[in-house]
Amino acid sequence: MTNPLAELLQTRDWLMADGATGTTLFNMGLQSGDAPELWNADHPDRITALYKGAVDAGSDIFLTNSFGGTRSRLKLHNAQDRAYELNKLAAEIGREVADASGRRVIVAGSMGPTGEIMAPMGPLTHEAAVEMFHEQAEGLRDGGADVLWVETISAPEEYAAAAQACAMAGMDWCGTMSFDTAGRTMMGLTSAGMAELVEKLDHAPLAYGANCGVGASDLLRTVLGFRAAGSERPVIAKGNAGIPKYHDGHIHYDGTPELMARYAVMARDAGATIIGGCCGTTPEHLRAMRKALEETPRGAAPALEEIAEVLGGFSSGSDGTDDNGPKRERTSRRRAKG
Amino acid sequence: MSDEEDIILSELDDDELVSQMFDDLYDGLKEEIEEGVNILLERGWTPYDILTKALVGGMTIVGNDFRDGILFVPEVLMAANAMKGGMAILKPLLVETGAPRIGKMVIGTVKGDIHDIGKNLVSMMMEGAGFEVVDLGINNAVESYLEALETEGPDILGMSALLTTTMPYMKVVIDTLKEKGIRDDYIVLVGGAPLNEEFGRAIGADAYCRDAAVAVETAKEFVARKHNQMAARA
């Protein structure tokens with residue numbers, strides 16, 4: 001059986017994903033410190049509203065409320081033993097919303113990072129990471145997710161562990177990483193490095209890409225990096241709606257719907273197939289993005305200068321894919337490495 | 001295998017050895033750092049000099065390159081691990097010799113936030129810079145910060161958050177310190193991916209630190225300022 005997302009990717013040359021989950025739930029009254037995933041059980045009406053917001057704004061794909069649904073993340077709320085249940089609920093609510101929409105909408109089961117550093121640098125072993133992702137993947141699958149959606153990953157090892165878990169659950173998946181440190185992931189992976197990593201996996205994703213990170217400009221530079229690496233695999237762009245600002249006790253993102261509409265069109269021109277938002281992206285932003293994607297003809301891939309001019313400057317001079325990045329001159333002899 | 005000859009640390013003169021230790025820290029070589037520390041001790045260096053000139057000096061380079069996007073988290077973790085090896089030897093000796101305290105920090109991720117990678121990095125880099133660090137871990141309510149400030153008496157309070165949904169809690173902590181009239185007893189530093197300088201100012205922190213390297217520089221600066229003020233008042 002062909003995956004519904006794979007089918008859509010064959011018939012459409014762009015798809016719109018959803019916007020922010022955290023920002024939206026916060027606006028619905030989620031208190032800082034509460035686990036969003038608990039609302040799948042306690043406030044299913046609000047989660048329905050969250051999903052419907054994206055679907056009604058024209059999203060072809062939306063992510064389930066299960067980002068922090070791994071055992072290690074739920075442990076904080078003493079809900080580690082509810083991992084399967086909460087993930088299943090997240091997907092079940094999503095299935096209902098998608099099936100009631102009257103058109104084909106993909107329910108993507110969100111899987112966020114475990115929050116732990118993987119071995120040998122940190123304590124989390126590959127096996128333990130796979131096990132946690134597997135448990136989450138099975139919940140999402142059994143709740144009716146069309147595809148699994150791994151996001152905001154920094155470590156290549158964690159991405160690979162999630163891939164393996166998706167395979168064990170017998171599910172197709174998509175996977176994005178967060179490029180937030182000098183154009184790379186926190187662990188130093190470049191866009192080119194991720195493109196290479198993806199092709200090496202036994203269970204490669206249907207689409208790969210970038211989400212969150214710094215601003216929309218950096219995210220587009222990353223997309224250009226993926227395309228330059230030469231892979232034909234569909235690319236995902238899910239950028240933040242600008243930069244967070246603090247105002248009267250609330251966080252507010254400074255990216256306007258107009259700006260996100262420009263971003264969406266530029267992301268497509270840069271070579272992204274699945275385009276959405278991340279933190280700060282509301283249904284209002286999504287509507288503007290959808291309209292712009294429908295009404296604007298395709299153009300040439302934007303140059304870095306054009307991206308900076310329209311969406312703002314980059315957070316760093318280089319993203320590590322060229323030789324223009326900063327370097328360190330060694331003061332003494334480098335040791336022979338065995 | 002490389003063509004390069006093996007480096008015999010004990011055959012290097014002091015300057016060469018310190019320079020080699022900088023590189024070994026950079027490369028995260030724990031055993032070599034431990035050996036270097038022991039050689040300097042045998043040569044009569046004071047524990048405080050080894051800490052500040054060899055280890056902190058080396059970690060400063062690591063910190064600068066982390067700040068500048070040359071090194072990333074995995075390399076910094078390896079460097080910090082090597083530093084830790086050296087510190088384990090020096091710590092008891094520093095206490096014994098009554099070496100001056102560079103500063104003390106209580107640090108923790110705020111309530112609701114279980115992210116600790118950034119905070120751990122700050123802890124390690126602060127220790128690398130010679131600070132004493134009390135790490136409260138993740139998910140700290142205002143009460144746990146207050147208790148630690150009371151019992152530990154630090155110079156600095158550090159708070160971390162990686163989520164836009166948890167970062168406002170920093171203000172709750174600072175407001176509580178103000179209510180109790182103890183806000184100005186501490187240097188309050190905040191950090192985390194979604195924060196920025198404007199946010200730091202808005203919630204009443206002394207400074208927002210973009211990354212662990214900046215946190216160390218900022219901490220040094222504020223502690224020096226605090227010492228100067230105390231000296232001026234004395």
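## Helix 3 and helix 4 of chain B

Helix 3 of chain B and helix 4 of chain B are roughly antiparallel to each other, a label given to angles over 145 degrees, with under 35 degrees counting as roughly parallel, 65 to 115 as roughly perpendicular and the rest as oblique. The axes of helix 3 (residues 47–67) and helix 4 (residues 73–96) of chain B come within 11 Å and cross at roughly 165 degrees. Axes are lines fitted to C-alpha atoms, for helices over the stretch in contact, and angles run from 0 to 180 degrees between N-to-C directions. The crossing of helix 3 of chain B with helix 4 of chain B is left-handed (the near helix is turned anticlockwise from the far one by less than a right angle; clockwise would be right-handed).

On the helix 3 side of chain B, the residues that meet helix 4 of chain B include Leu51(B), Leu55(B), Met59(B) and Phe66(B); on the helix 4 side, Ala79(B), Met83(B), Gly86(B) and Leu90(B) are among them. Contact requires C-beta atoms, placed from the backbone, to lie within 7 Å. By class, this contact of helix 3 with helix 4 of chain B has 14 nonpolar, one polar and no charged residues. Ala, Val, Leu, Ile, Met, Phe, Trp, Tyr, Cys and Pro count as nonpolar, Asp, Glu, Lys and Arg as charged, and the others, Gly among them, as polar.

## Basis of the model

This is a predicted model, in which local features need pLDDT of at least 70, side-chain atom pairs count only at pLDDT 80 or more, and totals for chains, interfaces and linings use all residues. Residues are numbered from 1 along each chain as its sequence is written, while chains are lettered from A and ligands numbered from 1 in the order in which they are written.

## Chain B: overall form and sheet

Chain B has nine helices and five strands, taken as DSSP runs numbered from the N terminus (helices H or I, at least four residues; strands E, at least two). With 234 residues, a compact globule would have a radius of gyration near 17 Å, and the 19 Å of chain B agrees. The radius is taken over C-alpha atoms, and the globule rule is 2.2 Å times the number of residues to the power 0.38.

The five strands form an open sheet in the order 2-1-3-4-5, with parallel pairing; strands pair if DSSP finds at least two bridges between them. Strand 2 (132–135) and strand 5 (207–208) of chain B are at the edges with a single partner strand each, so one side of each has no neighbour in the sheet. Strand 1 (residues 104–109) and strand 3 (residues 156–160) of chain B run parallel and are joined by five bridges, with Thr109(B) opposite Ser160(B). Helix 6 (residues 142–152) of chain B lies across strand 1, strand 2 and strand 3, at about 165 degrees to strand 1 of chain B.

## Chain A

Chain A contains 13 helices and ten strands. Its open sheet of eight strands has the order 1-10-7-6-5-4-3-2, with parallel pairing. Strand 7 (residues 235–239) and strand 10 (residues 274–277) of chain A run parallel and share four bridges; Ala237(A) has Ile275(A) as its bridge partner.

Helix 11 (residues 257–270) of chain A lies across strand 7 and strand 10 of chain A, at about 155 degrees to strand 10. The axes of helix 11 and helix 13 (residues 304–311) of chain A come within 10 Å and cross at roughly 165 degrees. That makes the two helices of chain A roughly antiparallel. Their contact involves Leu259(A), Arg262(A), Tyr263(A) and Met266(A) of helix 11 and Ile307(A), Val310(A) and Leu311(A) of helix 13 of chain A.

How values were computed. Contact = placed C-beta atoms within 7 Å.
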